[in-house]
Amino acid sequence: TGYSSKGQVHFLCQAPSRERGSPGGAAGILCYVGAYVFITYDDYDHFFEDVYTLIPAVVIIAVGALLFIIGLIGCCATIRESRCGLATFVIILLLVFVTEVVVVVLGYVYRAKVENEVDRRIQKVYKTYNGTNPDAASRAIDYVQRQLHCCGIHNYSDWENTDWFKETKNQSVPLSCCRETASSCNGSLANPSDLYAEGCEALVVKKLQEIMMHVIWAALAFAAIQLLGMLCACIVLCRRSRDPAYELLITGGTYA
């Protein structure tokens with residue numbers, strides 16, 4: 001019986017050890033997702049004003065940083081086989097789990113708001129376009145049109161209502177509207193086949209919603225992992241508290 005009790009101690013010590021291996025990698029992935037959202041949103045920040053849209057990304061980066069602390073606590077609790085440490089480990093995992101659920105909810109809320117936000121803002125951005133001496137907003141428009149292969153808000157004809165188009169009086173749209181396959185394109189409306197036919201508004205909305213979905217899926221995936229981690233840690237705590245053999249072996253006693 002003494003041999004089997006030692007084997008049980010080995011099993012119980014290894015359970016949290018496997019669990020603590022995940023926080024480091026999970027933290028890196030969550031921080032990467034949050035940073036990716038920030039970097040990508042920076043390219044489209046002229047098309048929305050609601051800074052609260054980035055809250056899910058901020059929270060998920062904070063969760064990633066917290067997971068490093070969780071890994072340290074799990075490691076110490078395993079080495080010292082501390083019941084208090086394991087309990088703290090479970091509580092922090094619970095907090096992380098709740099936070100990730102909040103991220104998912106916020107992600108869905110702001111994902112639904114993206115369309116209204118872009119629709120309200122994009123008209124103003126296009127009206128301030130200045131192709132001859134481009135400012136940040138103008139560069140953002142050219143970037144979006146090239147990257148998303150679009151032209152205008154709903155289509156290239158929207159450029160006819162802009163101040164820039166009326167001032168230039170050359171019946172042409174920005175060169176960023178030109179298709180990549182059109183080698184001699186000069187933006188002229190006389191050759192619409194050389195221009196991107198799709199408007200940018202729908203594509204910007206789609207892009208921003210895709211970015212938000214990355215946050216949502218990352219939070220959901222790691223919420224499931226944290227839930228599993230809590231269950232494993234709780235099982236270890238329960239078995240440790242109910243197993244007298246475990247207590248005797250740890251304190252240096254003998255078990256008959």
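Me: What is the relative accessible area of Val58?

Reply: Val58 belongs to helix α2, residues 55-80; helices (H or I, at least four residues) and strands (E, at least two) are DSSP runs numbered from the N terminus. Buried means under 20% relative accessible area, exposed over 50%, and partly exposed in between, with a 1.4 Å probe and protein chains only. Val58 falls in the partly exposed class, with a relative accessible area of 45%.

Me: What kind of model is this?

Reply: Residues are numbered from 1 along each chain as its sequence is written, and side-chain values use heavy atoms, with hydrogens and water left out. Local features need pLDDT of at least 70, side-chain atom pairs count only at pLDDT 80 or more, and totals for chains, interfaces and linings use all residues, this being a predicted model.

Me: Which residues make the nonpolar surface patch of about 270 Å²?

Reply: A patch takes residues with over 30% relative accessible area and no salt bridge; like charges are joined within 9 Å, and nonpolar side chains (Val, Leu, Ile, Met, Phe, Trp, Tyr) within 5 Å. Accessible areas come from the Shrake-Rupley method with a 1.4 Å probe, and for residues only the protein chains shown count as cover. The patch, about 270 Å², is made by Phe38, Ile39 and Val58.

Me: How many helices does the protein have?

Reply: Read along the sequence, the pattern is α-α-α-α-α-α-α. The secondary structure has zero strands, and its helices come to seven.

Me: What share of the 256 residues in the protein is buried?

Reply: The protein exposes about 13400 Å², with 60% of that supplied by carbon and sulfur atoms. Of the 256 residues, the buried share is 44%.

Me: What percentage of contacts between residues at least 6 apart in sequence join residues at least 24 apart?

Reply: A contact means heavy atoms within 4.5 Å. Among contacts between residues at least 6 apart in sequence, those joining residues at least 24 apart make up 72%.

Me: What is the disulfide pairing when the bonded cysteines are numbered in sequence order?

Reply: A disulfide is a pair of cysteine sulfur atoms within 2.5 Å. The structure holds three disulfides. With the bonded cysteines numbered in sequence order, the pairing is 1-6, 2-3, 4-5.

Me: Is the disulfide of Cys150 and Cys200 right-handed or left-handed?

Reply: Cys150 is buried at a relative accessible area of 0%, and Cys200 is also buried at 0%. The torsion about their S-S bond is about 95°, so the disulfide of Cys150 and Cys200 is right-handed.

Me: What is the torsion about the S-S bond of Cys151 and Cys177?

Reply: The sulfur atoms of the Cys151 and Cys177 disulfide are 2.1 Å apart. Cys151 lies in the loop between α4 and α5 and Cys177 in the loop between α5 and α6, so the pair ties together parts 26 residues apart in sequence. Both Cys151 and Cys177 are buried. Their link is right-handed, with an S-S torsion of 85°.

Me: Is the link of Cys178 and Cys185 right-handed or left-handed?

Reply: Cys178 and Cys185 form a disulfide, with 2.1 Å between their sulfur atoms. Cys178 and Cys185 are buried. The angle about the S-S bond is -65°, and the link of Cys178 and Cys185 is left-handed.

Me: How far apart are the closest N and O atoms of Glu117 and Arg120?

Reply: A salt bridge is a side-chain nitrogen of Lys or Arg within 4 Å of a carboxyl oxygen of Asp or Glu. Glu117 and Arg120 are three residues apart in helix α3 (residues 83-127), so about one helical turn separates them. Glu117 is buried at 9% relative accessibility, whereas Arg120 is partly exposed at 44%. Their salt bridge has its closest N and O atoms at 2.7 Å.

Me: What is the phi of His149?

Reply: Most residues other than glycine have a negative phi. His149 lies in the loop between α4 and α5 and is partly exposed at 36% relative accessibility. Although His149 is not a glycine, its phi is positive, at about 55°.

Me: Where is Gln171 found?

Reply: Gln171 is not a glycine, yet has a positive phi of about 55°. At 46% relative accessibility, Gln171 is partly exposed. Gln171 is found in the loop between α5 and α6.
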